[in-house]
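User: I am new to this structure and would like to learn how to read it, one feature at a time. Could you take me through it?

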2 protein chains.
Amino acid sequence: MSDSDSPPHADYSETERAIFDAALEVFARKGKDGARMQAIADAAGINKAMLHYYFRSKDQLYDEVFGFTMRRFMASFGASLQEAPTFEETLRAFIEGYVDFIRDNEHTMRLMVNENLAGGSVLGDHLRRLKESGAAPPRILAEQIEQAVDQGEIRPVDPDHTVLSVISACLFFFVARPTVEMMHPASDDWASFVEARKEHLFDLMYRGLSPREG
Amino acid sequence: MSDSDSPPHADYSETERAIFDAALEVFARKGKDGARMQAIADAAGINKAMLHYYFRSKDQLYDEVFGFTMRRFMASFGASLQEAPTFEETLRAFIEGYVDFIRDNEHTMRLMVNENLAGGSVLGDHLRRLKESGAAPPRILAEQIEQAVDQGEIRPVDPDHTVLSVISACLFFFVARPTVEMMHPASDDWASFVEARKEHLFDLMYRGLSPREG
DNA sequence: GTCTATATCTCGATAGAC
DNA sequence: GTCTATCGAGATATAGAC
């Protein structure tokens with residue numbers, strides 16, 4: 001249900017796992033520099049000395065947590081996309097799957113956003129390492145869009161801009177969740193707000209890509 | 001051109017203004033807890049003692065910077081919207097104006113996002129105070145959408161969800177700018193990428209709202 | 001592996017000379 | 001108003017008993 005599912009390291013012990021989850025949560029909310037080792041220890045239900053025993057330093061803890069989280073985040077992208085007979089179904093399934101992933105992994109998303117706000121230097125390091133090891137970033141949705149354009153199911157659009165727009169729409173309302181909940185009290189039931197949003201987003205996006213004349 | 005334009009306080013001295021701008025930049029990237037007073041002093045070209053002389057404490061500095069920045073951010077919303085004969089023109093002008101504002105005020109946007117990631121408690125305080133003083137949050141774009149629906153220019157949509165979608169699309173690619181620039185090297189010229197994005201966004205959104213049959 | 005105690009350093013904040 | 005020097009709290013990290 002939450003960020004702690006599908007362990008990043010199969011060989012993590014229970015304690016390491018508790019530390020990892022706690023660190024993800026605190027780093028996600030406060031950023032690397034704003035996070036306190038004491039807060040992580042408290043959230044993990046252990047004491048500070050254990051953090052250093054298992055992960056040596058704050059830098060190393062952040063690096064490890066960020067690396068795993070980034071890979072999980074990128075993998076979710078591919079996992080949300082299942083090819084279907086029509087692009088309409090493909091897009092609907094992607095929005096459904098991707099929004100579900102973010103809903104169940106808000107801390108993962110927050111950590112990614114926080115790293116971007118801070119400038120993305122750690123992100124850059126990891127991305128470079130990933131590329132060197134041959135793991136290309138997934139352009140799988142963009143390819144589906146190109147196909148759909150070729151087959152005339154949607155109008156000619158720039159695939160990369162379109163992917164970015166879909167991602168933005170699926171993600172941002174989670175980023176701004178506190179604001180959304182304050183401005184839009186009707187969303188006091190967040191779960192049903194998220195479901196309504198999926199519908200709205202699919203309609204807006206699919207119609208926006210439709211080839212019908214304008 | 002940048003976040004430092006249109007002074008938040010007409011009665012700020014030059015030094016106060018330099019501190020304000022420096023604090024905005026550092027808080028925006030690192031968050032309240034991650035920011036260092038020394039880093040703010042360096043960016044402002046003064047020493048730490050001056051920070052406390054003018055703003056007493058870090059808490060108070062953050063509170064003041066956040067308050068002004070939030071009001072500017074909310075005001076930009078109304079300022080980007082100019083009523084036009086058709087909703088098509090209104091939407092085009094809004095996207096143009098709002099994206100321009102974010103492009104020229106990236107730190108402002110980052111501070112808002114950072115506060116949301118951290119939970120939004122300071123944001124909540126300020127919003128509550130604003131409401132008590134009678135300044136309602138601007139629902140001005142939502143009203144334009146309602147009108148356009150009534151007049152049949154666009155299909156029946158939920159105005160609040162639609163506003164949220166437009167905002168997301170205009171904002172998020174700035175939030176994720178480091179990732180976008182790494183993943184999409186074609187955007188090495190950020191300025192022209194932003195311009196292309198405005199076009200793409202207007203097309204996608206306006207067509208997505210079109211009443212034509214599906 | 002786990003905890004307490006502590007070393008070491010950094011940060012926010014102030015005192016006081018100019 | 002501006003700077004240097006410094007205090008004291010709080011942070012990361014380690015030592016060492018169990």
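**Reading the model**

Analyst: Let us start with one residue: Tyr54(A) sits in helix H3 of chain A. Helices (H or I, at least four residues) and strands (E, at least two) are DSSP runs, numbered from the N terminus. This is a predicted model, in which local features need pLDDT of at least 70, side-chain atom pairs count only at pLDDT 80 or more, and totals for chains, interfaces and linings use all residues. Residues are numbered from 1 along each chain as its sequence is written, chains are lettered from A and ligands numbered from 1 in the order in which they are written, and side-chain values use heavy atoms, with hydrogens and water left out.

User: Is Tyr54(A) buried, partly exposed or exposed?

Analyst: Buried means under 20% relative accessible area, exposed over 50%, and partly exposed in between (1.4 Å probe, protein chains only). Tyr54(A) has a relative accessible area of 28%, so it counts as partly exposed.

User: Which residues does Tyr54(A) touch, leaving out those up to four places away in sequence?

Analyst: Contact means heavy atoms within 4.5 Å. By that rule, and with residues up to four places away in sequence not counted, Tyr54(A) touches Ser13(A), Thr15(A), Glu16(A) and Ile19(A). One of these, Thr15(A), is 39 residues from Tyr54(A) along the chain, and their C-alpha atoms are separated by 8.9 Å.

User: How many helices and strands does chain A have?

Analyst: Chain A has 11 helices and 0 strands. Read from the N terminus, its elements run α-α-α-α-α-α-α-α-α-α-α. The C-alpha trace of chain A spans about 65 × 45 × 30 Å along its principal axes. Of its 214 residues, 50% count as buried. Among contacts in chain A between residues at least 6 apart in sequence, 68% join residues at least 24 apart.

User: What does the surface of chain A come to, and how far apart are the mean positions of its charges?

Analyst: Accessible areas come from the Shrake-Rupley method with a 1.4 Å probe; for residues, only the protein chains shown count as cover. For chain A the accessible surface is about 9500 Å², and 50% of it belongs to carbon and sulfur atoms. For charges, Lys and Arg count as positive and Asp and Glu as negative, while His and the chain ends are not counted. The place of a charge is taken as NZ of Lys, CZ of Arg, CG of Asp or CD of Glu. Chain A has 23 positive and 35 negative charges, and their mean positions are 6 Å apart.

User: Where do the two chains meet, and what area is buried between them?

Analyst: The copies meet through the same surface, because 100% of the interface residues of chain A are also interface residues in chain B. In number, 55 residues of chain A are in contact with 55 residues of chain B. Buried area is the accessible area (1.4 Å probe) that two parts lose on being put together, summed over both. Between chain A and chain B it is about 4800 Å², with carbon and sulfur atoms giving 62%. In chain A, Leu117(A), His161(A) and Phe172(A) lose the most area to chain B, together 16% of what that side buries.

User: Which residues does His126(B) touch, again leaving out those up to four places away in sequence?

Analyst: His126(B) is placed in helix H7 (residues 121-132) of chain B. It counts as buried, at 7% relative accessibility. With residues up to four places away in sequence not counted, it touches Asp63(B), Phe66(B), Gly67(B) and Met70(B). Asp63(B) is found in helix H4 of chain B and is partly exposed at 29% relative accessibility.

User: What is the phi of Arg56(A), and where is that residue?

Analyst: Arg56(A) has a positive phi of about 65° although it is not a glycine. It lies in the loop between helix H3 (48-55) and helix H4 (58-80) of chain A. At 64% relative accessibility, Arg56(A) counts as exposed.
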